[in-house]
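Let us walk through this fold, strand by strand and then into its cores. Keep the sequence and the model side by side.

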Amino acid sequence: MGKFKLALIGCGHLNEIVANALRAGYLPEYELVAVLGRDWDLAQAFAERHGCKACTDIDELMAMKPDFTAEAASVKAVQDYSEAILNGGSNFVVLSIGAFADREFYERLKNTAAHNKRRVYIASGAVGGFDVLRTAALMSPITASIAAQKAPASLKNTPLFSDELLDITAPQQVFSGTTKEAIAILPTKVNVAIATALASAGPEDTTMNIKAVPDFKGDEYKIEICGEEVRAELNIYSRTSAIAAWSVVEVLQNAIAPIVF
C-alpha cells in the first residue's frame with residue numbers, strides 16, 4: 001500500500017511545523033502533495049521548500065486526491081472549504097475550531113462527513129484531556145468551565161483590549177460568559193474553549209473567564225468539569241502556539257495508527 005496523501009490549508013508558521021515534522025520522520029506513512037494559501041507567493045515558496053504543489057483554489061487542491069487535508073488557516077477557511085473537502089473524499093483535520101461554535105454548521109458538517117464515510121478530526125490545539133471530558137460527559141450530566149490567562153498585548157485588535165490594559169499591575173478580568181459568546185468576539189483567540197466545550201457540556205453551556213495578566217507570556221488554561229460520577233481539573237500552559245501545530249501531527253499519527261491513544 002502506498003503512502004497517505006496529505007494536503008495543507010494555510011502556509012504560515014503552524015503548517016510549516018507540520019511539514020517539517022513530516023520531513024523529520026514523524027509521519028512516515030504520509031506524503032505531502034499540496035498546499036493552499038491566500039498569498040500565492042507564500043504558497044509557492046512553501047511548496048518549493050516542501051516538494052509539493054501550490055494550489056490557487058480548493059478545487060485544484062482536491063484534484064490532488066488527498067486522503068487527509070489539514071487546516072491551520074482561519075475559521076473562514078473551515079467554513080468555506082470543509083464541505084468541498086469531505087465531498088471530495090478527504091478526511092479533514094481542523095485546527096480553527098471556532099467555526100464549530102455555529103451549531104448549525106457543526107451539524108451540517110457532521111452529516112456531510114457521515115454521508116461521504118469520511119471523518120472530521122478536531123485537533124486539540126493548546127489543550128488536552130478530551131478523552132477525560134468525553135468520558136465524564138457520557139457518565140452523567142456535567143458542568144464545565146474554562147479560565148484563561150493571556151498577555152494584555154495578545155488582546156490587541158479585539159473588543160476586549162484597551163490601552164489601560166498595558167499598564168495593569170495585577171490580573172484583570174476582561175471577559176465572563178459562555179464559550180459561544182467568547183468565540184463571537186474573539187474568533188481567533190479561543191479555539192481551545194470551543195474544543196473543550198464540544199468535548200464536554202457544549203458551547204452554550206460551558207462558561208469562560210479570561211484574565212489579562214501583566215508580564216505574562218503564552219497562554220494558560222484551567223478546565224474544570226463536575227458531574228455526579230467524575231470531577232476533574234486540567235491545567236495547561238503553552239509558551240508559544242507551536243503546541244497547536246504538533247497537535248495536528250498527533251492527530252495524523254493517531255488517525256492511521258494500529259494502536260490508538
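Predicted model: local features only at pLDDT ≥ 70, side-chain atom pairs only at ≥ 80, totals over all residues.

Start with strand S4, residues 68–71. Helices (H or I, at least four residues) and strands (E, at least two) are DSSP runs, numbered from the N terminus. Two strands pair if DSSP finds at least two bridges between them. S4 runs parallel to strand S5 (residues 91–94), joined by four bridges. The chain goes from S4 through H4 to S5, a right-handed β-α-β crossover. Right-handed means that, with the strands pointing away from the viewer, the path from the first strand over the helix to the second runs clockwise. S4 also runs parallel to strand S1 (residues 4–9), again through four bridges. There, Leu6 has Phe68 of S4 as its bridge partner.

In a regular strand the side chains alternate between the two faces of the sheet. Both faces of S4 are covered. Phe68 and Ala70 on one side are buried, and so are Thr69 and Glu71 on the other. Buried means under 20% relative accessible area, exposed over 50%, and partly exposed in between (1.4 Å probe, protein chains only).

Now follow the crossover helix. Ala77 lies in H4, residues 75–87. Because its relative accessible area is 9%, Ala77 counts as buried. Leaving aside neighbours within four places in sequence, Ala77 is in contact (heavy atoms within 4.5 Å) with Ile9 and Ser82. Its C-alpha atom is 8.5 Å from that of Ser96, 19 residues apart along the chain.

Turn to another sheet. This open sheet has five strands in the order S8-S9-S7-S10-S11, with mixed pairing. Strand S8 (172–178) and strand S11 (231–238) each have a single partner strand, so one side of each lacks a neighbour in the sheet. Neighbouring strands are turned by 15 degrees against each other on average, direction ignored. Strand S7 (residues 142–150) and strand S9 (residues 206–212) pair in the parallel sense over seven bridges. Lys150 has Ala212 of S9 as its bridge partner.

Helices pack on this sheet. Helix H6 (residues 130–139) touches S7, strand S10 (219–227) and S11, and its direction makes about 20 degrees with that of S10. Helix H8 (residues 191–199) touches S7, S9 and S10, at about 165 degrees to the direction of S7. Axes are lines fitted to C-alpha atoms, for helices over the stretch in contact, and angles run from 0 to 180 degrees between N-to-C directions.

On edge strand S8, look at Thr178. Thr178 is buried, with a relative accessible area of 19%. Not counting residues up to four places away in sequence, Thr178 touches Pro203, Glu204, Thr206, Thr207 and Met208.

Finally, the interior. A nonpolar core is a set of buried Ala, Val, Leu, Ile, Met, Phe, Trp, Tyr and Cys residues joined through side-chain atoms within 4.5 Å. The largest has 57 residues, of which Leu61, Phe100, Val190, Met208 and Ile210 touch the most other members. H8 gives the most to this core, with six residues. A second, separate core of 31 residues includes Leu32, Ala54, Ala244 and Ala245.

Key:
Residues numbered from 1 in each chain as written. Heavy atoms only, no water.
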